[in-house]
Amino acid sequence: MNTSSASKAASEDASTQSVERTGWGRRGTGGVTIAARLCFENVVHRYGDTLSLRGIKLDIEPGEVVCLLGRSGCGKTTLLRVTAGLEYPASGRITINGREIAGPSVMLPPEKRGIGLMFQDYALFPHMTILKNVIYGLKDIPRAEAERQGHIALARVGLEGYAAEHPHALSGGEQQRVALARALAPRPSVLLMDEPFSGLDKRLRDHVREETMAIIREARATCIIVTHDPEEAMRMGDRIALMRQGRLLQVGTARDLYESPSDLYAARFFSELNEFEGVARGGMVETPVGMVSAHGRADGTPVMVAIRPQGISFTTAGDGVAGRVVGNRFLGEVDLLNVAVDGADVPVRVRARNAAPFVVGSSVWLVLDQRDVLVFDKLAA
Ligand SMILES: Nc1ncnc2c1ncn2[C@@H]1O[C@H](COP(=O)(O)OP(=O)(O)OP(=O)(O)O)[C@@H](O)[C@H]1O
């Protein structure tokens, strides 16, 4: 046995063990995917003169779920399309388990990459049955085997009774699951999902999202999920990759990005902010709602201070910064108040519980929780 067949045998052995561990085999719900490492090495892409990806570097661990987050037009879909083989990178390399799938020497066609792709609109064929939709990508195996695997994939997503239906007979959530079954049927080692829940209303979305995550974890596919929604990214991603204008601005866990955003742009993604300009003096920065640490910045350094509305609370008269309530809106879990304070051009936003007594016109005193204060160099803002 040569080295490569030995390692292949080893990985097959590993996959057999994982069959037993995860229970795929016992429940007869289909074979496992061998999770893959997906690496981007300086990937650049252009649409004519538009630079849509400006040197993407990212290593995704086998079985890891990375959420790609960013504003419209930042290049999320393009990165998925380049990975899937639907677009060519201008330069750079993409590898799966060290094997180049796109780069200077190789450009594998989409069907040879072992990648499943799920589109935002599900892209189901309306004239085909659910089973035919699911087995659409299984062209290289005999029809009977493809149908067997199609039924297994439908069982995996809890739609075994729907094989003979057509897409229009299914709800939005069921169509989403058909699309997921189709993406998983060829047992891809990498699964790419473009805004997979955006077509669903909020209540259904939470439910379908949890189900989908359970299926992805069970399938052990390495996964990139594109989303606009930071909370969705925090709920689903092992890591979040925040994109801006064709670049990865920051990659890390939800906690990394929330607590230590790389700049004001990244911070704005994860919460509403009160923003103040300031200057470091004696290790502190003065803001209209109190003094905050300058985190070691030299005197005279211009900074932007960002304070989350939930980091400002009310204290007893005379203990904090004086203000006057100019707005109070009940949001259910909390009240959102606008408070006018001296030195702030716009009212300060405060999120607080049990704030009903603070009606418009009330005098209040504000105090800061330093955990909700972020300070950035002004140049980086
Ligand atoms: N087919 C195309 N031809 C020319 N430019 C394109 C094409 N597709 C996308 N672009 C441009 O490339 C950039 C990245 O687009 P992309 O669709 O990847 O962004 P996105 O982050 O997925 O946006 P959205 O969240 O709105 O889907 C944008 O400036 C966009 O206008």
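Reader: By class, how many nonpolar, polar and charged residues does the shell around the ligand have?
Author: This is a predicted model, in which local features need pLDDT of at least 70 and side-chain atom pairs count only at pLDDT 80 or more, while totals for chains, interfaces and linings use all residues. Residues are numbered from 1 along each chain as its sequence is written. Ala, Val, Leu, Ile, Met, Phe, Trp, Tyr, Cys and Pro count as nonpolar, Asp, Glu, Lys and Arg as charged, and the others, Gly among them, as polar. By that scheme the shell comes to two nonpolar, eight polar and one charged residues.

Reader: Which element gives the most to the shell around the ligand?
Author: Taking a residue as near a molecule when its C-beta atom, placed from the backbone, lies within 6 Å of it, the residues around the ligand are Y47, T50, S52, G70, S72, G73, C74, G75, K76, T77 and T78. With three residues, the element that gives the most is helix 3.

Reader: Which residues of helix 3 are buried?
Author: A residue is buried if 20 or more other C-beta atoms lie within 10 Å of its own, exposed if 12 or fewer, and partly exposed in between, with C-beta atoms placed from the backbone. By this rule helix 3 is mostly covered, as seven of its nine residues are buried, and after the helix comes G85, whose phi is positive, near 95°. The buried residues of helix 3 are K76, T77, T78, L79, L80, V82 and T83.

Reader: Is G75 buried or exposed?
Author: G75 lies in the loop between strand 3 (65–69) and helix 3, and G75 is also one of the residues around the ligand. Not counting residues up to four places away in sequence, G75 touches S52, L53, M243 and G246, a contact being two residues whose C-beta atoms, placed from the backbone, lie within 7 Å. With 24 C-beta neighbours inside 10 Å, G75 counts as buried.

Reader: How far apart are the end C-alpha atoms of helix 6?
Author: The expected span of a helix is 1.5 Å times one less than its number of residues. For the 13 residues of helix 6 (residues 172–184) this should give 18 Å, and the computed distance agrees, because the end C-alpha atoms are separated by 18 Å.

Reader: What covers the buried residues of helix 6?
Author: Ten of the 13 residues of helix 6 are buried, so the helix is largely enclosed by the rest of the structure. Among the buried residues are Q175, R177, V178 and L184. Their cover includes strand 6 (115–118), helix 4 (130–134), helix 5 (143–156), strand 7 (190–194) and helix 7 (202–219).

Reader: What distance separates the centres of domain 1 and domain 2?
Author: The chain is divided into these two domains, with bounds that come from an automatic or database domain assignment. The C-alpha atoms of the chain fill a box of roughly 80 × 45 × 45 Å, taken along the principal axes. Taken over C-alpha atoms, the domain centres are separated by 41 Å.

Reader: Is N354 buried or exposed?
Author: N354 has a positive phi of about 55° although it is not a glycine, and N354 is placed in the loop between strand 18 (348–352) and strand 19 (363–368). R220 likewise has a positive phi, near 60°, in a residue other than glycine, but R220 is buried, with 21 other C-beta atoms within 10 Å. For N354 the count is 9 other C-beta atoms within 10 Å, so N354 is exposed.

How values were computed:
Helices (H or I, at least four residues) and strands (E, at least two) are DSSP runs, numbered from the N terminus.
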